[in-house]
Amino acid sequence: MDILQAFSYSPILRGFIALVLAGCFFPLAGVFILRLNLVTLRFTLMHAALLGAAIGLALHIDPLLAGLVLDLVAIAAVARVARESGLSLGYVSTFFMVLTIGLAFAVIYKAGVPAKDAFGILWGSIYSLSRIDLVLIALYCAAIVLFVTLLFPRVSAVLFHREIAWASGVPEAALTTVILVFVGVSVALLMQLIGALLLDSILLLPAIIASFTARSTRGFFIQACIIGAFCSISGFFTSFALDVPASSAVTVIAACLLGAGLIYRRLSRRKA
Amino acid sequence: MENLRRRWTVGNQVELTFPVPPCIYFLTMAERCIHIEGLRVEREGAEILRGLSLSVACGERLIVAGPNGAGKTTLLKAILGMIRASAGRIQVLGSDVGSREWARGRRRVGYVNQESVQVDFPVSGREVVEIGTCSLGLHRAEKRRRIEEAMVAVGCEHLQNRMYARLSGGEKQKLSLARCLCQDPQLLLLDEPTSSLDPRSRSELMALLKGLNEKRGLTMVMVSHDAQVLSEPEWAIQHMEAGAFA
């Protein structure tokens with residue numbers, strides 16, 4: 001089957017469009033994760049989604065929707081507890097990460113939910129997306145692009161230093177909450193798209209590579225998006241050419257670029 | 001005028017006046033930049049600030065000195081409104097800290113903090129200065145003009161395209177000052193701004209601060225335990241120890 005023929009099948013076309021959109025714009029959330037040190041929060045969100053899926057299956061609700069709702073609840077809880085307690089987001093995220101996975105296993109056991117079905121949320125597929133999923137991804141991309149571009153100096157201030165942002169009159173608490181919501185929704189959507197275990201290839205790796213080459217925050221955001229777009233588009237076509245899963249191809253390409261980025265960083269530091 | 005400098009100290013209550021006669025000072029009490037009465041701050045049951053009172057007139061330069069853990073940074077953050085007081089009252093530029101009026105005028109207070117930003121985060125010098133303009137609602141041209149003027153005033157225009165993480169401590173502090181100047185502040189709060197500087201950069205920064213104070217009439221309150229800074233002749237010095245003025 002050639003590529004043009006493949007695009008005549010709507011699941012493949014939808015998957016391609018979703019992958020390109022995610023590759024172009026989800027790395028914006030990756031920049032937030034890197035800069036605000038939300039790597040632990042990412043795991044918390046995966047575990048919260050698993051808990052949501054377990055609850056959804058137990059109550060006969062859409063597990064993906066339940067996972068998304070639980071992610072948003074987890075974010076609100078993490079943000080609130082961190083603010084009230086003065087603890088770092090990393091510590092609070094770790095607490096909720098352990099709590100949600102513990103509760104997920106308790107629900108799976110008590111409600112007699114097939115564990116395989118609950119864990120199914122961790123394995124996404126770009127070819128199983130519905131039209132509504134695609135619309136959701138497109139809306140999310142539009143929202144995060146508007147947020148970063150329209151509020152760029154304020155977002156940049158929050159990413160630079162939260163106290164300085166506050167002292168400069170930026171509503172840093174509100175912006176941090178919005179950033180956390182973007183991170184939560186991106187994790188939930190990407191789990192459906194390429195699966196929890198591979199979402200880093202679109203979310204984080206482009207941002208990490210861009211951090212080696214960018215010289216400004218603007219450049220950081222733009223380069224992360226360009227690298228993400230390259231990984232997702234080239235990954236899609238490579239998967240066709242080599243007959244491997246698209247998510248695997250995207251991940252391997254992103255990992256190769258990360259390796260190249262590390263070499264570039266070492267060489268540029270040696271020159272400096 | 002230098003001989004007219006006065007200071008009254010009664011317990012922890014400190015009134016500072018500078019080159020004006022006392023009678024004129026009392027007539028212009030309304031122009032106090034900072035007025036603190038009985039400030040107490042507690043954290044996790046421990047009393048960090050113990051009933052501090054302080055008045056700083058507009059245009060003054062004050063150094064709050066003291067050992068680590070004396071409560072100097074807490075005092076600055078309480079003045080900024082970042083930390084809530086458990087008792088007492090803080091007035092900054094005529095507004096009670098925490099009030100709506102104060103929240104609207106928060107940008108009139110510039111803050112140069114102690115810590116450096118995390119290394120390796122890509123942010124340019126210009127972007128750091130731009131932070132000072134981001135909540136002012138300025139048009140693009142006006143914003144650009146303010147950023148350029150502030151960078152020229154501090155002498156850091158050559159740093160605008162440099163990566164912040166690769167700058168020296170002195171260069172970073174210059175950018176922080178330029179960022180504050182963009183806000184067009186009336187009060188500058190500086191938290192150990194010389195702590196990571198070599199002697200030459202320290203002297204340059206102190207000269208720069210003096211120049212800004214004289215040209216723009218900026219009130220400055222600096223927290224420091226740097227011996228070289230404390231020997232500066234034209235700054236009033238207030239010593240703090242264990243959450244109270246010594």
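## Terms and Basis of the Model

Two strands are taken to pair if DSSP finds at least two bridges between them. Helices (H or I, at least four residues) and strands (E, at least two) are DSSP runs, numbered from the N terminus.

The model is predicted: local features need pLDDT of at least 70 and side-chain atom pairs count only at pLDDT 80 or more, whereas totals for chains, interfaces and linings use all residues. Residues are numbered from 1 along each chain as its sequence is written, while chains are lettered from A and ligands numbered from 1 in the order in which they are written.

## Confidence

The model scores ipTM 0.80 and pTM 0.83. The pLDDT (the predictor's confidence in each residue, from 0 to 100) has a mean of 88 in chain A, where 99% of residues reach 70 or more. Within chain A, confidence is lowest in helix α7 (residues 115–119), at a mean of 74, and highest in helix α14 (residues 217–242), at 94.

For chain B the mean pLDDT is 82, and 85% of the residues reach 70 or more. A contact requires the C-beta atoms of two residues, placed from the backbone, to lie within 7 Å.

## The Six-Stranded Sheet of Chain B

Chain B contains 8 helices and 12 strands. An open sheet of 6 strands has the order β8-β9-β10-β5-β11-β12 (chain B), with mixed pairing. Its edge strands are β8 (109–112) and β12 (244–245) of chain B, each of which pairs on one side only. Strands of a sheet pair through backbone hydrogen bonds, either parallel or antiparallel.

β8(B) and β9(B) (residues 187–191) pair in the parallel sense over 4 bridges, and V109(B) has L187(B) in β9(B) as its bridge partner. β5(B) and β11(B) also run parallel, joined by 4 bridges; here V64(B) stands opposite Q238(B). By contrast, β11(B) and β12(B) run antiparallel and are joined by 2 bridges, with M240(B) opposite F245(B). These two strands form a hairpin with 2 residues between them, and A242(B) in the turn has a positive phi of about 45 degrees.

Helix α2 (residues 72–80) of chain B lies across β5 (61–65), β8, β9, β10 (219–224) and β11 (236–241) of chain B, and runs at about 150 degrees to β9(B). The angle is taken between N-to-C directions, from 0 to 180 degrees, with axes fitted to C-alpha atoms, for helices over the stretch in contact.

## Other Strand Pairs of Chain B

Strands β3 (residues 32–43) and β6 (residues 87–92) of chain B run antiparallel and are joined by 5 bridges; the bridge partner of I36(B) is I90(B) in β6(B). β6(B) is also joined to β7(B) (residues 95–96) by 2 bridges in the antiparallel sense, and V92(B) has S95(B) as its bridge partner in β7(B). The hairpin of β6(B) and β7(B) has 2 residues between the strands, and L93(B) takes a positive phi near 50 degrees.

Most residues other than glycine have a negative phi, and most peptide bonds are trans. D184(B) has a positive phi near 55 degrees and is placed in the loop between α6 (169–182) and β9 of chain B. E192(B), with a positive phi near 45 degrees, is found in the loop between β9 and α7 (199–216) of chain B.

A residue is buried if 20 or more other C-beta atoms, placed from the backbone, lie within 10 Å of its own, exposed if 12 or fewer, and partly exposed in between. D184(B) is therefore partly exposed, with 15 such atoms within 10 Å, whereas E192(B) counts as buried because it has 20 C-beta neighbours inside 10 Å.

## Core and Contact Between Chains

Of the 246 residues of chain B, 42% count as buried. The largest nonpolar core has 158 residues, and those with the most contacts inside it include L28(A), L190(A), I79(B) and A178(B). Such a core is a set of buried Ala, Val, Leu, Ile, Met, Phe, Trp, Tyr and Cys residues joined through C-beta atoms within 7 Å.

The contact between the chains takes 21 residues from chain B and 22 residues from chain A. Helix α4 (residues 125–130) of chain B gives the most to the side of chain B that touches chain A, with 3 residues.
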